[in-house]
Amino acid sequence: MLLHNRFRPFGALLAGVIAGLAINVAYADGFAVVTNNNDSGSGSLREALEVQQANVVFIPRRIGDINITDTLEYSATSPLVIFGTGQKVSTLHNVTLLAITQGADLNVSNLNFAGPGGFSILNRGDQGSIPAGKGIFVDVRDDQTGTVNVVLNKVSVFGVANHGIHISDCSLADDCGGGSSGGGEGSPASIALICNQCRVENAGNGKFDADGLRIDDRGDGDISAFFKDSTFTHVGADGVELDEGNDGSIFLKTVRTDFSDNGGYCDPDILGPFVPTPDEAEFDESEMVTVAEIPGPVTGSPDDSCIEYAVDEYDSGFVEAYEFAIDLDDGIDLDEAGEGSLWASMINTTINGNLDEGVDFDEADAGDIVASFVRTRATGNNDDGFKLSEEDGGNVYGDVRRSRAADNGGKGFVFEEADDGDLTVSVRGSSTSNNDDSDDTGIEAVQEDDGAGTLRVRSSNIADGIDLDGVEQI
Ligand SMILES: [Ca+2]
Ligand SMILES: [Ca+2]
Ligand SMILES: [Ca+2]
Ligand SMILES: [Ca+2]
C-alpha cells in the first residue's frame with residue numbers, strides 16, 4: 001500500500017504533460033504540406049522547417065522517402081508537429097538527421113530516420129570535421145523555463161553513429177558525461193518525453209558513450225520519460241540513458257518495451273589485446289612499487305576511451321593496486337544526482353543480453369529510489385539483471401511482482417542503500433535462477449549506516465539464493 005500511494009504523483013504528472021501538448025498544438029500558427037521528396041527547395045520538408053518554419057508539417061502518403069545530405073534544422077522556439085505517413089528520412093552522410101536547435105516542443109509521428117549505418121569501433125563516426133551524427137536532437141536553450149515536451153509516436157531511428165535520440169539541457173552538449181561524474185550547467189526547464197512505438201536499432205555504434213536515447217538534464221527541473229511498445233536494441237552504449245543532475249527528479253515508466261543486446265561498442269574481442277597483462281594487481285606497501293613501474297593508460301587502441309584505468313596509492317605514494325577494465329554498457333541506465341528522487345515503474349518489459357547490467361539505477365545525494373517491476377524480466381546480461389544503488393540521505397523502496405532474473409553474469413536483483421535511510425523491498429510471485437555462480441546470487445539486499453532494512457519474499461522461487469547485509473528477511 002505504501003508503494004501504491006507513492007506512485008500516485010506520477011500519473012498526475014503524465015496527465016499534465018499530455019494536457020500541455022494538446023494546448024501547444026491548438027496554438028500552432030503555420031501549416032505546411034510537403035509536396036515533393038526533394039532535399040531542398042519549394043515544397044520540400046527542408047523548406048517547411050527551415051524557411052517557412054511551419055509549426056505543423058504534413059507529409060502526405062504519396063510522398064516517398066526523403067534523402068538528405070545535411071541536417072534538417074528547426075530553429076524557431078514555437079512547438080513543432082510533424083505528421084509523416086511512414087516515410088523514411090535518410091542520409092548517406094554522417095550528419096544529424098533532425099535538429100531542434102532552440103528547445104522547441106517536438107511532436108513527430110509515423111516517420112523513420114536512417115543514417116548511413118556500418119559504424120563500429122573500427123569504423124568510427126567521430127573522426128571527421130563535424131560531430132558524429134544523431135537521429136533526432138533537441139537542444140534546450142540555456143535560459144529555457146517550463147517543460148520541454150517531446151512526443152514520438154511510431155518513430156524509428158537506425159544506423160546513426162551517435163545517440164539515436166538526444167534531448168540535451170546541458171551546456172557541455174556531447175561532453176556532458178553521465179552519472180555522478182557528469183558536469184555542465186543547464187536551464188531551469190524540465191524535460192518530458194513520451195515514446196509510443198518507438199524503435200531505435202543499431203544506433204550509437206560509431207562513438208564512445210553514444211546511447212539509443214539519451215536525456216541530459218542539468219540545472220533545476222525533472223526528467224519524465226514514458227516508453228510504451230518500444231524497442232531499443234543493438235545500440236553501442238546504453239539502450240536508454242537518463243542523466244539528471246542538480247535539483248529535480250527522474251520519473252520513468254515503461255510498458256511492453258524491450259531493451260536488449262546493447263552496450264557492445266567497446267568490443268572486448270578487439271580491445272582485449274591492448275589491455276596489459278595482468279589487467280589488475282595489488283602490492284604490499286613494503287614492495288615500494290612506484291607508478292612508473294606499473295602499466296600506464298592504454299594508448300594506440302581503436303578507441304582508448306573504452307579502456308578504464310584506476311590506480312590506488314598508499315599515503316606514502318607507493319602503488320597499492322591498479323586495474324584496467326573495458327567499458328561496456330547497459331539496457332537502461334538512470335543516474336540521478338543532487339536533490340530529487342528516482343521513480344521507476346517497469347511493466348511487461350524485457351531486458352536481455354546487454355553487455356553490462358540490464359537495469360542500472362544510481363541515486364546520489366538527497367532523495368529516494370522508488371522502483372516497481374511488474375511482469376518484467378532480465379536474462380543473459382553480462383552483469384546484474386537489475387541493480388539499484390542509493391546513497392546519501394534517502395531510502396530504497398522496491399516492489400517486484402511476477403518478474404524474473406535469470407542467467408545473468410552478475411546477481412539477479414541487487415538493492416543497495418547507503419548512508420541515512422531505510423531499505424524496504426517486497427518480492428512476490430517472482431523467480432531467479434542461474435545468476436552468477438548461483439551462490440546466494442538471486443537477490444542481494446544491502447542496508448548500510450543509519451536505518452533499517454527489510455526484505456519480504458512471498459510465493460517466489462529464488463533458486464540461486466539470497467544474500468543479505470544489514471537487512472532482515474520478514
Ligand atoms: Ca533543467
Ligand atoms: Ca536531482
Ligand atoms: Ca539518496
Ligand atoms: Ca541506511
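**View 1. Phenylalanine 58 stands opposite phenylalanine 83 in β5.** This model is predicted. The pair of phenylalanines sits where strand β2 (residues 56-58) meets strand β5 (residues 80-90). Three bridges join β2 to β5, and the two strands run parallel. Strand β3 (residues 66-67) also pairs with β5 in the parallel sense, over two bridges. Here asparagine 67 stands opposite serine 90 in β5. Strand β7 (residues 106-114) is another partner of β5. That pairing is parallel too, and it runs over eight bridges. Valine 81 has asparagine 107, in β7, as its bridge partner. Strands of a sheet pair through backbone hydrogen bonds, either parallel or antiparallel.

**View 2. Val57, Val138 and Leu193 touch the most other members of the largest nonpolar core.** The core holds 108 residues. Which strand gives the largest share of this core? Strand β9 (residues 147-158) does, with seven residues. Domain 1 (2-265 + 332-367) and domain 2 (268-326) both give residues to the core, so it lies between them. In soluble globular proteins, nonpolar side chains tend to be buried together.

**View 3. Valine 138 and its contacts.** Neighbours within four places in sequence are left aside here. Valine 138 is then in contact with Ile100, Gly103 and Leu106, and also with Val148, Val150 and Ile167. Valine 138 is one of the core residues that touch the most other members.

**View 4. Domain 1 and domain 2 of the protein chain.** The domain assignment gives domain 1 as 2-265 + 332-367 and domain 2 as 268-326. Their C-alpha centres lie 36 Å apart. How many residues does the contact take from each domain? Four come from domain 1 and five from domain 2. On the side of domain 1 that touches domain 2, three residues are nonpolar, none is polar and one is charged.

**View 5. An open sheet of three strands, in the order β19-β21-β20.** The pairing is antiparallel. Which strands stand at the edges? They are β19 (280-282) and β20 (307-313). Each has a single partner strand, so one side of each is left without a neighbour in the sheet. The twist averages 10 degrees from one strand to the next. Seven bridges join β20 to strand β21 (residues 319-326). Glutamate 313 has valine 319, in β21, as its bridge partner.

**View 6. Tyrosine 314 in the loop between β20 and β21.** Is tyrosine 314 buried or partly exposed? It has 14 C-beta neighbours inside 10 Å, so it counts as partly exposed. Not counting residues up to four places away in sequence, tyrosine 314 touches Glu285 and Glu320. Arginine 124 is 190 residues away along the chain, and the C-alpha atoms of arginine 124 and tyrosine 314 are separated by 39 Å.

**View 7. A cis peptide bond joins threonine 277 and proline 278.** Omega is about -5 degrees. Where is proline 278 found? Its place is the loop between α3 (268-271) and β19.

**View 8. Strand β34 and its parallel partners, β31 and β37.** Four of the five residues of β34 are buried, so the strand is largely enclosed by the rest of the structure. Strand β31 (residues 413-417) is joined to β34 by five bridges. Phenylalanine 413 stands opposite isoleucine 443 in β34. Four bridges join β34 to strand β37 (residues 466-469). Glutamate 444 has aspartate 467, in β37, as its bridge partner.

**View 9. Positive phi at aspartate 440 and serine 459.** Aspartate 440 lies in the loop between β33 (431-433) and β34 (443-447). Its phi is near 55 degrees, a positive value in a residue other than glycine. With 16 C-beta neighbours inside 10 Å, aspartate 440 counts as partly exposed. Serine 459 is found in the loop between β35 (453-458) and β36 (461-462). Phi of serine 459 is near 45 degrees, again in a residue other than glycine. Why does serine 459 count as exposed? Because serine 459 has 10 C-beta neighbours inside 10 Å, and 12 or fewer makes a residue exposed.

Technical notes:
Residues numbered from 1 in each chain as written. Chains lettered and ligands numbered in written order. Predicted model: local features only at pLDDT ≥ 70, side-chain atom pairs only at ≥ 80, totals over all residues. Domains from an automatic or database assignment. Contact = placed C-beta atoms within 7 Å. Nonpolar A, V, L, I, M, F, W, Y, C, P; charged D, E, K, R; others polar. Pairing = 2+ DSSP bridges. Axes fitted to C-alpha atoms, helices over the stretch in contact; angles between N-to-C directions. Core = buried A, V, L, I, M, F, W, Y, C linked by C-beta atoms within 7 Å. Buried ≥ 20, exposed ≤ 12 C-beta atoms within 10 Å, placed from the backbone.
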